[in-house]
Amino acid sequence: MAKTSDTRVLFNNQCPVCSFEINHYAAYAKDHDLPIQFDDLNGPERAAWGIDEDTAARRLYVLRDGELTSGIPAFLVLWREMPRYRWLARVVGLPGIRQVASVAYDHALAPLIYRWHLRRKARAASQSG
């Protein structure tokens with residue numbers, strides 16, 4: 001398959017939920033030779049994104065052909081890049097479903113996962129010091 005796109009994903013590999021899902025996508029992309037790069041926000045790659053660690057930890061970011069998206073729009077970009085998940089991008093991208101998914105992600109899922117991330121960081125800091 002020709003590598004025709006420039007797609008990068010920024011995610012929190014220290015988050016159990018994020019790492020489980022995104023590492024699954026990364027394995028799929030690698031197995032299918034898809035031109036998608038996955039960057040851990042906890043590594044040196046984050047600096048190239050121009051997003052601070054706290055902001056990056058709040059949601060998924062995807063950069064495709066110079067356009068930065070986050071949240072559900074970022075998932076849609078990512079899913080469209082992977083043949084197995086294009087159907088999911090079509091369904092979630094439908095009017096109405098996209099808005100509901102965005103509200104659920106923006107106001108429930110992402111904040112919950114972010115608060116969990118902060119608790120894990122605080123617990124790790126208290127145990128190390």
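**Asp39 and the cores**

Tutor: Let's start with a polar contact of 2.7 Å between the side chains of Asp39 and Gln37. A polar contact is a pair of N or O atoms within 3.5 Å; within protein, one must be able to donate a hydrogen and the other to accept it, and residues adjacent in sequence count only if both atoms are side-chain atoms. Keep in mind that this is a predicted model, where local features need pLDDT of at least 70, side-chain atom pairs count only at pLDDT 80 or more, and totals for chains, interfaces and linings use all residues. Residues are numbered from 1 along each chain as its sequence is written, and side-chain values use heavy atoms, with hydrogens and water left out.

Student: Is Asp39 buried or exposed?

Tutor: Asp39 is buried, at 2% relative accessibility. Buried means under 20% relative accessible area, exposed over 50%, and partly exposed in between (1.4 Å probe, protein chains only). Asp39 sits in strand β2; strands (E, at least two residues) and helices (H or I, at least four) are DSSP runs, numbered from the N terminus.

Student: What is Asp39 in contact with, leaving aside neighbours within four places in sequence?

Tutor: Arg8, Val9, Leu10, Phe11, Glu45 and Trp49. Contact means heavy atoms within 4.5 Å.

Student: OK, new topic. How many residues does the largest nonpolar core have?

Tutor: It has 27 residues, and Tyr25, Phe38, Leu60, Leu78, Trp79 and Met82 have the most contacts inside it. A nonpolar core is a set of buried Ala, Val, Leu, Ile, Met, Phe, Trp, Tyr and Cys residues joined through side-chain atoms within 4.5 Å.

Student: Which element gives the largest share of this core?

Tutor: α4, with 7 residues.

Student: And what does Leu78 touch, not counting residues up to four places away in sequence?

Tutor: Val9, Ile22, Tyr25, Ile36, Phe38 and Val62. There's also a second, separate core of 8 residues, which includes Leu41, Trp49, Ala57 and Tyr114.

Student: Back to backbones. Which residue has a positive phi of about 55° although it is not a glycine?

Tutor: That's Asp33, in the loop between α1 and β2. Asp33 is partly exposed, at 37% relative accessibility. Asp65 has a positive phi too, about 50°, and is not a glycine either. Look for Asp65 in the loop between β3 (61-64) and β4 (67-70), where Asp65 is partly exposed with a relative accessible area of 47%.
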